[in-house]
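Please look at the sequence and the structure below before reading on.

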Amino acid sequence: MPSRPNRRTLLSGLCTAGLGGLAGCLSSVPGLDSNDAQSGSAIGGTDRTLKLGIMQPQSGTLESLGKPMRDAAKLPVEQVRDDVSLEIDSKIVDTETSPSTGVKRAHTLATDEYPMVNGPAAADVTLQATQQVLIPYRTVCCSPSATSPTITSLNDAGLVFRTALSDRLQAIVLAQKAANDLGHDNAAILYENNDYGWQLSQAFTRSFQRTHGGTVTSQVPLKGDSSSYDAAIERARTDDPDLLIVIGYPATGSQVLTDLGADASEDILVTDGMQEGSLHDEIDYSLDGIRGTAPLVDGPGNQTFTELFESEYGTEPGAFTPQSYDASAVLLLANAYAGQNDGQAIGSAMPVVTTGDGTEITPDNLAEGIDLAAQGNAVTYQGASSSVTFDENGDITDGVIQYWEFDESASGGIAEVEKVSP
């Protein structure tokens, strides 16, 4: 991984160490002053309430992904509510897959004194909500699906985490498969017109050109919620590429694939935002054989999570749902261990409850883990999506990329081709 500044230390020149120093830096934010960390109920113990906000898109272009992620985010709360000695207060808001709405909803949670948030989902929503609200209001967040490399270098005071892999790693595998599996040395890219699409397009281009000697003939944004992307496709085809990379969400990707039609002359590769089996029902030709890449769910607690999700909601988990479960689980454990509803303290506890040789906690014994953490005992969470180990930038360090293909006969309409370690 390229060397980057440690964003966890970038604020050291602005504030003295500790909560008091940070509170001094944020004294201009409404509702925050240097005494906030000491005010309120006593710190620690089991006679307290954990407060969790959930920011997921329940409408907009990510609605089909956001609703299952919302369900997975609240699953740990429902799972442990009757079995832990603490109270849990959770609040769900809809970001509408909109950066401006995401900022408003983040402000609602912050001013309602929710110190930690599962989400946001989309990268552009995450970047705006964190920089405009969550970081200034000293609210820790853990996104299950914001994959943009931009998030790695945020100046975030140690408050921004994610359980999804950075797209830098996905781009490496995407370029490898374009060159080696499909055998192409030129490609055009159609990308979702936001930070997720642009950054992944750029990362693919760098890897494809530098590592494989390939040529990217064009990078064309997919603007807005359009009823046709014929013009964008025509631009992408200007130099007759052999391969089209489609970086989008289900709604956008469905329209692009519809417009390309069954007789497209180019090979097609897609990305994680389009790993959605329901696309088989939305397009009037077979998608079988179209391949893509996505972070692989391979955590030690995945089977238990799947059983819990199916039992609670009567359906199979979807894309990024294990990551969403893990985000809530780690936040709850960190809050319990920190002993206070203070975002900075919870953020500091996130690596503590996911590393070391404390009592191993998985989705099987999450309630036990929360009580142990609240009592000050060391715990180590092992998740549904991965082992959930964060680096100094709040990024997941262990992960595998899945190379997959649309297959209507497979469970969920998606079949794995192979697992790849970037």
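Not counting residues up to four places away in sequence, L333 touches V353, I361, L366, G369, I370, A373, V379 and Y381. Contact here means heavy atoms within 4.5 Å. The model is a predicted one, in which local features need pLDDT of at least 70 and side-chain atom pairs count only at pLDDT 80 or more, while totals for chains, interfaces and linings use all residues. Residues are numbered from 1 along each chain as its sequence is written, and side-chain values use heavy atoms, with hydrogens and water left out.

L333 is also among the residues with the most contacts inside the largest nonpolar core, together with L332, M350, L366, I370, Y381 and F390. That core has 71 residues. A nonpolar core is a set of buried Ala, Val, Leu, Ile, Met, Phe, Trp, Tyr and Cys residues joined through side-chain atoms within 4.5 Å. Buried means under 20% relative accessible area, exposed means over 50%, and partly exposed is in between (1.4 Å probe, protein chains only). Helix 11 supplies the largest share of this core, 10 residues. The core lies between domain 1 (49-164 + 320-381) and domain 2 (168-294 + 400-420), because both give residues to it. The domain bounds come from an automatic or database domain assignment. Another core, of 30 residues, lies apart from this one; A121, A179, Y191 and A203 are among its members.

## The whole protein

The protein has 13 helices and 14 strands. Helices (H or I, at least four residues) and strands (E, at least two) are DSSP runs, numbered from the N terminus. Of the 422 residues in the protein, 59% are buried. Among contacts with a separation of 6 or more, 70% are between residues 24 or more positions apart.

## Helix 13

How many of the 9 residues of helix 13 are buried? The count is 8, and helix 13 (residues 366-374) is mostly covered. The buried residues are L366, A367, G369, I370, D371, L372, A373 and A374. Their cover includes strand 1 (49-56), helix 2, helix 11, strand 11 (359-361) and strand 12 (379-381). After helix 13 comes G376, whose phi is positive, near 85°.

## Helix 10 and helix 11

The axes of helix 10 (residues 302-313) and helix 11 (residues 321-338) come within 11 Å and cross at roughly 95°. Axes are lines fitted to C-alpha atoms, for helices over the stretch in contact, and angles run from 0 to 180 degrees between N-to-C directions. Helix 10 is therefore roughly perpendicular to helix 11. Angles of 65 to 115 degrees count as roughly perpendicular, under 35 as roughly parallel, over 145 as roughly antiparallel and the rest as oblique. Helix 10 contributes N302, F305, L308 and F309 to the contact, and helix 11 contributes T321, P322 and Y325. These residues divide into 5 nonpolar, 2 polar and no charged. Ala, Val, Leu, Ile, Met, Phe, Trp, Tyr, Cys and Pro count as nonpolar, Asp, Glu, Lys and Arg as charged, and the others, Gly among them, as polar.

F320 lies in the loop between helix 10 and helix 11. F320 has a positive phi of about 65° although it is not a glycine.

## Some single residues

The table gives the relative accessible area of several residues.

| Residue | Relative accessible area | Class |
|---|---|---|
| D71 | 13% | buried |
| A121 | 1% | buried |
| S207 | 9% | buried |
| D240 | 62% | exposed |
| F320 | 8% | buried |

D71 lies in helix 2 (residues 63-80). Leaving aside its neighbours within four places in sequence, D71 is in contact with F309 and Y313. S207 is found in helix 6 (residues 195-212). Beyond residues up to four places away in sequence, S207 touches A171, I172, A175 and H212.

A121 sits in the loop between strand 3 (116-118) and helix 4 (123-134). P120 lies in that loop too, and a cis peptide bond joins G119 and P120, with omega about -10°. Between A121 and L65 there are 9.2 Å in space, C-alpha to C-alpha, although they are 56 residues apart in sequence.

Where does D240 lie? D240 is in the loop between helix 7 (230-236) and strand 8 (243-247). Its phi is near 50°, a positive value in a residue other than glycine.
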